[in-house]
Amino acid sequence: MPELPEVETVRRGLAPVMEGQIIARAQINRPDLRWPFPENMAARLTGAQVIGLRRRSKYILVDLSTGETLLIHLGMSGRMLISGNPLGRFVHDHPAPEKHDHVVLHMGQGARVTFNDPRRFGAMDLMATDSAERHPLLASLGPEPLGNAFSESYLVPMLKGRNTPLKAALLDQKIIAGLGNIYVCEALFRTGIHPARKALRVSELRLARLVPVIRAVLNDAIDAGGSSLRDFRQADGELGYFQHSFDVYGREGAPCRTDCCTQTVRRIVQSGRSSFYCPNCQR
Ligand SMILES: [Zn+2]
């Protein structure tokens, strides 16, 4: 499931082929993904110029010259593919149409941007750019972890005294937008906090430390995604999934990476999700 760094990598990959370009034709191959597509979606997209691509949490927001914004959510298995010959740079010819190519945007300069999603948990919607923050999927989101509003003076009072596992609070999208299981596990490892520890039993000093650590964990992954974009010419035109090594996530039974620690990484299940941690380094 794509998390914030993967979505940011997709946004950065799409920007050069979409920004400033006209959507010459929008091809919609089914009536819905997770939810029905908005009314007349093809007509509302066709002829629009793309002003810019933003990201909010795990949503890509495509601002259009029509005063509307296209929201794209990759869901569980959604992929964005670039094909055609955009700007003369990429020559991937996605053998179209594939079975799960649900939406294809034919851009003015010859690029094709394809949304492919076998499981169809993804979503697309259109809303007025002016009121985009009030969209039901965006309205209750907390601050962006890489934005200025996410600070020690915001986070510490939000978490302090909560009688829930700190991990659950960090996954609460109303507290921090876009933070998911993988990067919470990594941030807890780097701060030495056990995933089951209740927020009210973590000192303010350690809560404050989460702010720079969460930023670093996400930025490291975004950097890895950036490298994957530079190798894009050799890749298959798919954006956003890249090789990235984690300290604890997915490493159950493997040796802890802390110097001199002889423990192995363990896994527990919390609220149906796996937590990976080192029982020696995380208390
Ligand atoms: Zn350890």
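**Notebook: zinc site and cores**

I began with C261, which counts as buried because its relative accessibility is 13%, under the 20% cut-off. I note that this model is predicted.

Next I looked up C278. At 0% relative accessibility, C278 counts as buried too.

Which atoms coordinate the zinc ion? I found the SG atoms of C256, C261, C278 and C281, at 2.2 to 2.4 Å. Along the chain, these donors follow the spacing C-x4-C-x16-C-x2-C. I then placed two of them. C261 lies in the loop between β9 (238–239) and β10 (266–270). C278 is in the segment after β11 (273–277). The pair is 17 residues apart and links distant parts of the chain.

The ideal angle for four tetrahedral donors is 109.5 degrees.

I turned to the nonpolar cores. The largest has 31 residues. L14, M18, L45, V62, M80 and L105 have the most contacts inside it. Helix α1 (residues 4–18) gives the largest share, five residues.

What does L105 touch, leaving aside neighbours within four places in sequence? I listed M18, I23, R25, A26, L45, L70, A111, R112 and V113.

I also found a second, separate core of 30 residues. Y154, L179, V184 and L210 are among its members.

Last, I looked at helix α3 (residues 152–159). Its buried residues are Y154, L155, V156 and L159. They pack against α4 (166–171) and α6 (204–230). After α3 comes G161, with a positive phi near 85°.

Methods
Residues numbered from 1 in each chain as written. Predicted model: local features only at pLDDT ≥ 70, side-chain atom pairs only at ≥ 80, totals over all residues. Heavy atoms only, no water. Core = buried A, V, L, I, M, F, W, Y, C linked by side-chain atoms within 4.5 Å. Buried < 20%, exposed > 50% of the residue type's maximum accessible area, 1.4 Å probe, protein only. Helix = DSSP H or I, 4+ residues; strand = E, 2+ residues; numbered from the N terminus. Contact = heavy atoms within 4.5 Å. Donors = N, O, S within 2.8 Å, 3.2 Å for Na, K, Ca; no water.
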